[in-house]
Amino acid sequence: MDLHTHGAAHERVGPQRALRRLLRAVRGGGDEIPDDLDEMAELVAAWRTATSALRLLLAVDDADSAAQVRPLLPAGPGSRVLVAGRRRLLGLDADLRLTVEPLEPDDAVVLLRDLIGKSRVDREPEEAAEPARRCGGLPLALRIASARLQNRPSWTLAFLAGRMSDDVRSLGELRAGDRSVEAAFRMSYDQLTPELQREFRALGLAPAARFDALTLAAMLGAPGEEAEEALEDLVDASLLQQPHPGRYRLHDLVRAHARRPAAGAPEKAADRTAVLDLYVAAGRAAGDWAPGGFPADARASGPSPFTGRREAAARLKASGGELVDVVAYAAAAGRYDHACWIAEALVDHLVHQGRYPDCRAVLELALPCADLATDRRMASSLHSCPGMVDIYQGRFPEARTWFTEALDLGRGRGDLREQARATAGLGAAEWILGDIEGAVAHLGEAVALAPRTGDDWLSVTAWCSLGAIHSQQGRHQGALEHASAAVTTAEKSGRPRVISNALCFTGHALLALDRHTEATELLLRAVRLAREAEDLALYAASLSRLATVAHLQGSLHSAVDIHREALSTLTPSASTWLEMEVRVPLGATYAAAGRPTEARHEFETALALPAADHPRQYGRAHEGLRALEAAAEPPP
């Protein structure tokens with residue numbers, strides 16, 4: 001029984017009309033239905049009486065509601081009903097519910113081969129995958145694409161794929177006669193309430209294929225619960241997929257369709273601004289730069305949509321690689337300021353996740369937008385940001401170049417905030433590269449500028465770097481004073497990662513002053529905070545320094561275990577500098593413990609790393625090997 005819910009008005013079969021057809025089918029063609037059997041209750045009673053002794057299999061197609069189906073259920077024991085429709089019928093009791101998902105890529109190619117012929121697909125086996133992918137695994141789309149190929153014998157699969165080069169063009173290609181993928185989507189859209197149609201149009205402007213309720217809530221200016229209810233209704237209408245709890249996705253072709261009504265909607269500009277502002281807010285809340293790391297503007301004046309750093313960071317983490325798509329979307333839409341703001345806001349979060357390729361990708365997309373943005377600050381900021389990424393990856397010459405350019409741009413505009421950021425980064429790069437005089441001068445300038453801009457994160461960073469230089473010069477009391485100033489400022493921020501970093505430097509200064517007990521206490525707290533912040537690099541650095549304390553206190557076995565734990569946390573994206581900072585002290589601990597083979601392995605592994613930009617660690621590894629060789633020589 002086809003109810004034709006999504007057909008033309010004259011084709012639709014209501015419950016009464018359906019019951020009359022079913023009664024005629026079970027009673028036989030010659031047994032007429034009494035004319036006075038008009039009321040629904042009478043028709044249902046007649047249907048149940050007629051089927052009470054029968055064992056039926058009834059198939060109902062294109063059902064839109066439980067109310068359409070309930071009157072049609074037969075009364076006979078052992079009867080079964082198969083119900084198919086675009087909408088999930090939650091109000092209908094069922095033994096089994098199945099969702100027909102799009103075909104997997106390999107299965108889509110198989111269907112394409114069955115429809116247009118094995119020989120034709122086998123002539124272009126690699127090219128066949130692209131039109132199958134563009135059809136998104138939808139059988140209707142694959143059948144229409146096959147019909148076009150059948151009617152165009154000269155077309156190759158590669159040619160069709162070229163005509164379907166993006167989702168919008170794919171929709172245009174996927175029509176044949178009175179059949180059209182877009183028409184099928186339009187039928188579902190037309191069945192929605194006006195409120196759901198508004199919400200569906202908004203999703204057409206979402207910058208990523210996957211999103212959560214907060215995305216829609218921001219676009220509608222509605223509570224999260226209301227947005228989530230709308231999303232669940234769209235899932236039930238089969239216009240939205242839910243790959244994971246709380247995460248939703250538009251099929252690529254459905255998304256292309258949603259963009260069409262959205263393009264002419266009066267709310268288009270406001271929706272797009274709202275959702276891009278949401279990503280700016282998420283990046284700023286998730287990182288350690290806020291609140292002083294960004295200038296006060298309209299995006300920072302209202303209440304935050306996030307309860308805190310953890311919630312914002314979790315949302316960005318769930319977005320995965322689609323954060324790159326968000327910046328690309330903003331740039332393509334001509335929202336150059338948003339492209340820059342989002343990229344800038346994401347840097348701190350992405351580098352601490354070790355997602356350097358994604359970080360560089362968003363910056364590469366945003367940097368050309370800086371010259372087109374109305375926020376003239378962005379040119380300097382988006383030169384400092386790659387420098388920060390290079391610092392974290394141990395690419396110090398490249399970092400120095402970026403920060404030098406950023407400083408020139410910041411000074412050209414008289415922007416103290418960007419001058420301070422670039423100056424601090426330049427000083428950090430110069431320190432590692434051995435230009436101590438330049439480093440001290442630039443870091444001192446940053447320390448003076450940062451309080452004037454309210455940038456506590458920058459103050460902490462500059463104080464720590466200055467303290468490290470003092471320590472390297474043997475001026476340990478001065479190093480402790482700088483590191484202590486960093487801790488005081490970090491505590492005000494309340495950011496676990498910022499506090500942990502300052503504690504690490506303070507612990508190192510205490511260690512140099514032989515104040516081991518105090519150093520241990522601070523470093524244990526640093527380890528806990530790094531773990532809380534889920535910063536593996538900082539966790540490894542904190543553990544390595546804690547292991548050094550254990551070494552100096554004579555607990556060599558414990559020191560080895562802590563060093564090894566630090567080493568185990570390093571990921572493939574960890575910087576060479578950090579890996580050397582862990583391996584060289586571990587080698588020294590092995591040597592002190594009388595384990596020369598393991599010590600040699602750590603020193604040699606450290607020396608095998610690209611070390612051109614890390615002369616201090618490189619020299620320490622060589623010293624370790626020379627000490628092992630001297631210890632192995634027999635006495636004269």
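What is the handedness of the crossing in which H31 passes H33? The legends below answer this and describe other close-ups. The model is predicted; local features need pLDDT of at least 70, side-chain atom pairs count only at pLDDT 80 or more, and totals for chains, interfaces and linings use all residues. Residues are numbered from 1 along each chain as its sequence is written, and side-chain values use heavy atoms, with hydrogens and water left out.

**View 1. Helices H31 and H33.** H31 passes H33 in a left-handed crossing (left-handed: the near helix is turned anticlockwise from the far one by less than a right angle). H31 spans residues 576–592 and H33 residues 615–632. Helices are DSSP runs (H or I, at least four residues), numbered from the N terminus. The two pack at an angle of about 20°, with axes 10 Å apart. Axes are lines fitted to C-alpha atoms over the stretch in contact, and angles run from 0 to 180 degrees between N-to-C directions. H31 is therefore roughly parallel to H33 (roughly parallel: under 35 degrees; roughly antiparallel: over 145). From H31, Trp577, Met580, Glu581, Val584, Pro585 and Ala591 make the contact; from H33, Arg616, Gln617, Tyr618, Arg620, Ala621 and Leu628 do (contact: heavy atoms within 4.5 Å). Eight of these residues are nonpolar, one is polar and three are charged. Ala, Val, Leu, Ile, Met, Phe, Trp, Tyr, Cys and Pro count as nonpolar, Asp, Glu, Lys and Arg as charged, and the others, Gly among them, as polar.

**View 2. Helices H24 and H25.** H24 (residues 436–453) packs on H25 (residues 456–472) at an angle of about 150°, with axes 9 Å apart. The pair is therefore roughly antiparallel. H24 passes H25 in a left-handed crossing. On the H24 side, the residues include Leu443, Val447 and Pro451; H25 meets them with residues including Trp463, Leu466 and Ile469. The contact has 13 nonpolar, four polar and no charged residues.

**View 3. Helices H21 and H22.** H21 and H22 (residues 396–413) pack at an angle of about 160°, their axes 8 Å apart. They are therefore roughly antiparallel to each other. Their crossing is left-handed. His383, Pro386 and Met388 are among the H21 residues in the contact, and Trp402, Phe403 and Leu409 among those of H22. By class, ten residues of this contact are nonpolar, five polar and three charged.

View 4. The whole structure holds two cavities of 30 Å³ or more. A cavity is a set of points on a 1 Å grid over the protein atoms alone where a 1.4 Å probe fits but cannot get out; lining residues have an atom within 4 Å of a point. Volume is the space filled by probe spheres set on the points, which are joined across faces, edges and corners.

View 5. His6, Asp64, Arg86, Arg87, Ser188, Gln191 and Ala237 form the lining. One of these residues is nonpolar, three are polar and three are charged.

Technical notes
On a 1 Å grid over the protein atoms alone, a cavity is a set of points where a 1.4 Å probe fits but cannot get out, and a pocket is an open set with protein on both sides within 12 Å along at least five of seven lines; lining residues have an atom within 4 Å of a point. Angles under 35 degrees count as roughly parallel, over 145 as roughly antiparallel, 65 to 115 as roughly perpendicular and the rest as oblique.
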